[in-house]
Amino acid sequence: MSEQRFGEFVAVRKEGRGGHVAELVLDRPKAMNAVSTEMARSLAAACDALAADRDVRVTVLTSSNDRAFCVGADLKERNSFTDADLVRQRPTARAAYTGVLELPMPTVAAVHGFALGGGYELALSCDLIVADATTVVGLPEVSVGVIPGGGGTQLLPRRVGAARAAELVFTARRVEAAEAHELGLVDVLAEDARPAALELAGRIAANSPVGLRAAKKAMRLGQGLDLRAGLEVEDGAWRSVAFSGDRAEGVAAFNEKRKPEWPGE
């Protein structure tokens, strides 16, 4: 296994699978991964590095804490902030969440324990959420006088619909694993979230890296558009891969009844 540290609280690990699956680890266990200014800065830097790494086909977002995925913003740090401090910190916080959201490869969140506020927003920023029975999710920001600020007001309605999202945001309630799965707040319930997420990532990573990135781009850019506009987005993404080395290798491997060896270009 290789590991690269980004400050004290974030790590990127690769093991097996040709280095094609990266594990983006939230590693501030003593604070249940509460996102401080330093941690936000490190998370953004890690995402920049991952986005530039063409060997990575899938990223899995995990936690090193046994009790929590991430409990959201570091409210102890923010308790000492002046209004000016909060304004200065805002771009740093946003960069952390958009860093995860804008990763070009498929992303899977492995959630166990508490994923609250910004912690759940990090999971929502991923394409898929794998959770286990310990999981508790929620966006409780209005209970402390703010609103979700890591994409929650936009990502949650896209996942579960406007009315369901409104109920969850306005009540600030916490949702346990079984109900979260039933409502679509998480996608997969597993006995152990991290191994299940890594196994899923491995299955995804077996496919064309060029195709995976183009498919993600088409789905993200087409979301919310009318059908005609969405089909134009899809056509543009199709054209970006139709003449790639991966397309040629995929067709050849199919006809030769062998496993493809993706050039990734």
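Guide: This is a predicted model. The side chains of K216 and D127 meet in a salt bridge, with 3.0 Å from N to O.

Visitor: K216, buried or exposed?
Guide: K216 counts as buried because its relative accessibility is 6%, under the 20% cut-off. D127 is partly exposed, at 27%.

Visitor: What does D85 pair with?
Guide: D85 forms a salt bridge with R88, and their closest N and O atoms are 2.5 Å apart. The two are 3 residues apart in helix α3, so about one helical turn separates them. D85 is partly exposed at 23% relative accessibility, and R88 is exposed at 56%.

Visitor: How many salt bridges come out in total?
Guide: The count is 17. Among them is R258 with E256, at 2.6 Å between the closest N and O atoms. There is also a network of salt bridges linking E3, R5, R13 and D27.

Visitor: Switching to helices. At what angle do α1 and α3 cross?
Guide: Roughly 40°, with the axes of α1 (residues 37–51) and α3 (residues 83–101) coming within 8 Å. The two helices are therefore oblique to each other, and the crossing is left-handed.

Visitor: Which residues make the contact?
Guide: From α1, T37, A40, R41, L43, A44 and C47; from α3, Q89, T92, A93, A95, A96, G99 and V100. By class, that contact has 8 nonpolar, 4 polar and 1 charged residues.

Conventions:
Residues numbered from 1 in each chain as written. Predicted model: local features only at pLDDT ≥ 70, side-chain atom pairs only at ≥ 80, totals over all residues. Heavy atoms only, no water. Axes fitted to C-alpha atoms, helices over the stretch in contact; angles between N-to-C directions. Helix = DSSP H or I, 4+ residues; strand = E, 2+ residues; numbered from the N terminus. Parallel < 35°, antiparallel > 145°, perpendicular 65-115°, else oblique. Left-handed = near helix turned anticlockwise from the far one by under 90°. Contact = heavy atoms within 4.5 Å. Nonpolar A, V, L, I, M, F, W, Y, C, P; charged D, E, K, R; others polar. Salt bridge = Lys/Arg side-chain N within 4 Å of Asp/Glu carboxyl O. Buried < 20%, exposed > 50% of the residue type's maximum accessible area, 1.4 Å probe, protein only.
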